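Open the model in the viewer and keep the selection panel at hand. The stops below go from single elements to the whole chain.

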Amino acid sequence: MFQKIIFFLFSFVFSTLLFSSSIDLTSQEKQWIQNHPVIKVSNENDWPPFDFAVDGKAQGFSVDMVRLLAQKIGIEVDFMHASWADLLKAFDNDQIDLMHCMTKDPTRASKYIFSNPYMPWRISFFVRNNDFGEITPHNFAGKKIAAGKGWSTTALLKETYPNAKIVEYESSLSMLDALSTSEVDIAIDNIHVFNYLMSQNIITNITHGGYIKLKEKEKNHFHFVAHKDDAALVSLFNKAYASLSTEEKLTLQKKWFIHSSSQHNNTQNLISKIDLSEEEKAYLKQKKVIKMCIDPAWMPYEQFDKNGKHIGMTAEFFSLFEKDIGIPIKVLHTDSWSQSLEAAKTRKCDIFSLAMETPERKRYMNFTTPYLSIPLVMATRPDVGFFDDFRYIKNKKVGIVKGYAFNELIRKEYPNLQIIDVQNLEEGLNKVVNRELFGFIGTLASIGYMFQTKYVGELKIAGKFDEKWELGIGVRNDEPLLLDIFEKAVQNISPDTKHAIFSKFITINYDQHMDYKIIAKILLVSLLLVLLIFYHNRKLTRINKKLEKLQTKLKEQAHQDPMTNLYNRRYFHDVASDIIKIAQREGHDVSLIMIDIDNFKQVNDTYGHAIGDMVIKSLSSILQKNIRTSDIATRFGGEEFVLLLPHTDIEGAKNIASKIRKIVEDNDLESNNEKIKFTISLGVSSLLQGDKDIETIVNRADQALYKAKENGRNQVVVF
C-alpha cells in the first residue's frame, strides 16, 4: 500500500513539475506569429530516421519535433523537399525560413542564428563485418572513406585525415551501398541512420566500427537554425522546446529510435485483418489448410532449423498472413530449392513463401506484388578487386543456385560469365573459398548473413549488380482466388511492420546513452522531489551526500598510488582482465608497455630519497600527459610502471614507447641549482591469440624490459 501511495505522489509531482507546456510570449513574438502564420521548413529527401520523405510527405524524428513545436507556437509548416546540398542553397537564398538537423560550427554561427540544442549528435564510422576491429580512426590513412556531399562534417574529415581519400556521396544509402560492395573501406554517418537503412534495405555485412571525435565540440548537437534577421523564430522554437514535457520527448524517441524485443515478438498486433469477400471466405473454409514450399537454406530470409522448424523473415511474415487469412499454413519439408520447385509443379504445395516471377514459373504459378526488393551482389575472395561493371569479367566461373529466378536472367545479361549451377548458398560460397569458383552471385542479405555466421574474413563482396530481385508470394495458377487472398495480405503489410521484422534479423548494436542519461536525470530529480515532499529531511540528504563523497574518496584511495596519483597494481589487474576479455571477444588489439627508471638506486644514493621521489613524480607526470584517456597508467611499485593501451597494435605501442623515452631523456629536473637527468628502459608486448590472462602479456613485456636493460638501458625493446 505504501508503495502505491509513493507511486501516486511520485507521478503527481512528476507531471505537475516537469510536464508543464505553457509558452510565455512577448508582444513582439505574438506579432511575429500574426505576420508569419506559415513558415517554410527544410526536409531532406533521404536521411531517415531523422529527416526524410515518403511519397512527398515529410517524415522523421526531427520532422515530428518541428510539427509538435509549431503546433505549440500556433503556426503551420510547409516542408521543402531536396538534397542537403540543395536545401542549404535554398536557405541561403531565403527560400527556407527554418533548417533543422544542423550542427553548429564557427562558419555557420557567423551566418545563421542557432537555437538551443535539441538532440545529441555523434558521428560514427562503419566498416564491413570482416574488417571490424582492424580499422580504427588511428589507421584511416590510405583508406577510402565515404562521406556526405555538402556536409560540414565532410570538410572536417578532410582536415582531420589528410592522408585518407574522402569520396563524397549524395545520400546515406549510396554510402551504405558503396561500403557494402567494397567500393570504399569506411562510411561516415549517424548510427541511427545506418541502422534504419540497413534494416529497410536488408544489408547484413556492415557493422558499427565506433565513434569519431571531431575538434569542433559544438558539432555534438542538432539545432533549429534561422536567418540572422529572424531571431524571433529561434526564440519561439527555444520556448516551445523548453515547454515540452519529458513524456513528449520520450514518446518521439521511442517512436524513431527504440525498438524493443517485445515489439518484434508481437508483430501480429501491427496490422489488421484483411477484408475478404464471401467467395474467398467460402474458398478458405473448404481449403482448410494451405501448403507452402520454401527455400530450406536461405537465411536470413528462411530455412529449416535443426528441428525442422521454419525460421527467418518469411516465417515472421507468414505468421501474420496466417492470422489474417484464418486457416493454417503448413510448410512442406524439402531438402533444396530444386525440390521445392518440383513440388510446386506437381501441386504438392500451393504457394511459395518468396519467389520471383519468370516465364517458366508462370506456367504453373501466379505471383503477388513483391513485398521484398533485394540487391544482387557477387561474393569473391578478399584478394579480388572491386567491380563496378561485371561485363569486364571474362570467362570466370561464377556460381548461382540452380533454379533461382535470376539464374536465367544473369546468363542472358552477362554472357561473358561462365555460370556454374550449385545446390545452395553454402555450397557456392565453399567453392569460392576453395578456389573452385571465381565468385558466387546471391542476395546481399543472405551472403552478408553467411559472412557473419560462417565465413568471417574468408570472403568479401566485390560488387553490386544493377538488377534487383523483386520477390513476392508464388501461388498455384489453378486456384485464382488464392492469389487474390494473398495479394490482399501483401498489400496490408504496413511499412512499420516490415521495419519491425527486418530489424529483428538485421540490427546494429548502438549506444543509447542519450536516452539513459535523460531518464537518469529525470529519475534523480523526481526522487529528490518526492523525498523533500514526504520527509522534509534535508539533514539526512546532506549526510548521505557526505557519505557518498567519503566513499568515493576511499574508493579512489584504494585504486590510486598516493605519491603519483596513478592507478595501483591492484586496480590494474582488476581492469586489465576485463579489457583483455573484451578484446579477445571482439577482436581488438591491446598492447602493454613496461617501464623502469634506469639506475634508480644510484639516484637515491647520490641525491637522496627526496630527489628520488621527485624523479618518480616527474615520470608519472610525463606519462599522464602523453597517453590517451582510454589508456591506463599504473605504478607497479618502486621505480616500475606499466601502460595498458587498448585498441593499439604492437607498432603503435612501440611508437608511443619511443616518444616517451625521448621526452624523458630530454627532460631536466632542478634541485639546489643542479640539473638532474634520468633515463628509462621500456619493454613492449601485445595480446596474442591464445593468451589466457593479462599476466602472460606482462611477463613478455618484462622479458623485453630485461633485454633493454641488458643491452645498455635507455632504449625500447619489443618482445
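Two strands count as paired if DSSP finds at least two bridges between them. Helices (H or I, at least four residues) and strands (E, at least two) are DSSP runs, numbered from the N terminus. This is a predicted model, in which local features need pLDDT of at least 70 and side-chain atom pairs count only at pLDDT 80 or more, while totals for chains, interfaces and linings use all residues. Residues are numbered from 1 along each chain as its sequence is written, and side-chain values use heavy atoms, with hydrogens and water left out.

Select β16 and residues 302-304, which are strand β17: the two pair in the antiparallel sense over two bridges. Within this pairing, Trp298 has Glu302 of β17 as its bridge partner.

Next, select 650-666, helix α25, whose 17 residues reach 25 Å from first C-alpha to last, close to the expected 24 Å (1.5 Å times one less than the number of residues). Which residues of α25 are buried? Ala653, Ala657, Ile660, Arg661 and Val664 are (buried: under 20% relative accessible area, 1.4 Å probe, protein chains only). They cover an arc of only 100° around the axis, which puts them on the same side of α25 (arc of the directions from the helix axis to the C-beta atoms).

Finally, show the whole chain: 26 helices and 33 strands, with 49% of its 719 residues buried.

Conventions: Buried < 20%, exposed > 50% of the residue type's maximum accessible area, 1.4 Å probe, protein only.
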